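Below is a short report on a structure, covering its sheet, its salt bridges and its surface charge.

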Amino acid sequence: MARIIVITSGKGGVGKTTTAAAMAMGLAQRGHRTVVIDFDVGLRNLDLIMGCERRVVYDFVNVINGEANLNQALIRDKRCDGLYVLPASQTRDKEALTKEGVGRVLTELGKGYDYIVCDSPAGIEHGATMAMYYADDAVVVTNPEVSSVRDSDRMLGILASKSRRAEDGEEPIKEYLLLTRYAPTRVERGEMLSVDDVQEILSLSLLGVIPESQAVLNASNAGIPVVLDNDSTAGKAYGDMVARYLGDDLPMRFLDAERKGILGRLFGG
Amino acid sequence: MGLLDVFRASRKKGSAAIAKERLQILVAHDRAFRNRPSYLPKLQQEILEVIRKYVEVDLDAVSVNYEQDDDQELLELNIVLPDAAARS
């Protein structure tokens with residue numbers, strides 16, 4: 001049985017798809033058979049971030065409706081063995097994701113994979129609730145910013161009450177915090193909530209802190225998951241995130257501002 | 001970090017502290033509301049109906065408050081009766 005991980009947030013634009021791509025690629029790189037599913041019906045983007053947009057033939061909704069089988073719809077990643085992408089439908093209504101249909105596809109995938117990463121759409125509507133419903137673990141992607149933190153907390157309430165695990169009275173979904181777009185210089189200047197601030201408010205187990213980095217835009221421009229960019233801070237931080245998820249005890253990196261030049265030394269402290 | 005940023009920073013210093021304070025209040029409030037049992041609105045409605053059988057009270061005279069601590073739940077009912085002069 002595969003472990004189902006949902007990448008969620010409530011708020012849009014915080015880095016869910018980037019994180020889903022990084023998590024899936026990272027797990028596969030470490031030898032786990034992994035499939036990443038785009039739940040954003042109508043606004044699919046995971047295929048772009050994964051760089052496989054021109055290889056989409058069938059999608060998640062086709063499989064749910066029995067118009068294609070899983071093998072026809074799954075796109076094999078060319079860079080990493082054991083990594084597959086299940087794209088979202090670009091044309092259908094999001095109601096096409098039924099609870100039964102999603103459950104059926106996840107059960108079938110569960111037989112052949114170790115991890116299923118679900119990339120949730122923004123919001124708390126149907127698509128987002130379908131993405132988290134069957135999850136075992138949830139990575140709540142949060143920016144150090146008021147609306148994102150508030151939406152994350154709202155999402156925690158939904159994870160605790162509206163999931164299959166909650167409905168069946170099972171052990172609740174394991175929730176992790178991933179702080180993204182973290183700018184240490186701004187934190188030091190008191191302009192941005194710190195990791196500790198966000199931790200104190202949300203009280204979640206911290207899976208990682210991804211620094212604000214130009215590498216993320218470069219990676220999405222090229223369709224290469226940023227976790228593959230080992231020269232960038234964001235790539236390294238995502239690598240750490242995956243290792244921590246798999247049980248490694250790694251210290252958080254890139255939390256302190258880099259000291260550069262005389263100005264930084266004079267005014268930075 | 002440019003020179004301008006340094007001056008800008010000194011002016012705006014501490015906005016993160018304000019953000020944290022606002023979020024703490026907001027999140028505490030949201031969570032308290034989220035954990036309320038779903039029967040509360042109906043309970044409030046029915047209690048109001050019973051009281052109005054006997055006493056002429058306003059429609060907003062009954063307030064129901066629910067609080068949860070680690071080891072206890074507190075359901076607080078507050079009923080505002082009309083002034084003595086108004087009673088028949």
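## Terms and basis

A residue is called buried under 20% relative accessible area, exposed over 50%, and partly exposed in between, with a 1.4 Å probe and protein chains only. The model is predicted: local features need pLDDT of at least 70 and side-chain atom pairs pLDDT 80 or more, while totals for chains, interfaces and linings use all residues. Residues are numbered from 1 along each chain as its sequence is written, chains are lettered from A and ligands numbered from 1 in the order in which they are written, and side-chain values use heavy atoms, without hydrogens and water.

## Sheet of chain A

Chain A holds an open sheet of eight strands in the order 3-4-2-5-1-6-7-8, with mixed pairing. Its edge strands, each pairing on one side only, are strand 3 (75–76) and strand 8 (205–211) of chain A. Strands are DSSP runs of E of at least two residues and helices runs of H or I of at least four, numbered from the N terminus; two strands pair if DSSP finds at least two bridges between them.

Strand 7 (residues 174–182) of chain A runs parallel to strand 8 of chain A, over five bridges. A:Leu177 stands opposite A:Leu206, and A:Tyr182 opposite A:Pro211. Six of the seven residues of strand 8 of chain A are buried, so this strand is largely enclosed by the rest of the structure.

## Salt bridges

Over all chains there are 17 salt bridges, each being a side-chain nitrogen of Lys or Arg within 4 Å of a carboxyl oxygen of Asp or Glu. A:Asp77 and A:Arg79 form one, with the closest N and O atoms 2.6 Å apart. A:Asp77 is buried at 4% relative accessible area, whereas A:Arg79 is partly exposed at 39%.

A:Arg165 and A:Asp136 form another, at 2.7 Å between the closest N and O atoms. A:Arg165 lies in helix 8 (residues 164–167) of chain A and A:Asp136 in the loop between helix 6 (126–133) and strand 6 (137–142) of chain A, so the pair ties together parts 29 residues apart in sequence. Both A:Arg165 and A:Asp136 are buried.

## Contact between chains

B:Lys20 and A:Glu200 meet in a salt bridge of 2.9 Å, N to O. B:Lys20 is in helix 2 (residues 15–34) of chain B and A:Glu200 in helix 10 (residues 195–202) of chain A, so the pair joins two chains. B:Lys20 is buried at 18% relative accessibility, and A:Glu200 is partly exposed at 48%. A network of salt bridges links A:Asp153, B:Arg31 and B:Arg34.

## Chain B

Chain B has three helices and two strands, in the pattern α-α-α-β-β along the sequence. Of its 88 residues, 19% are buried.
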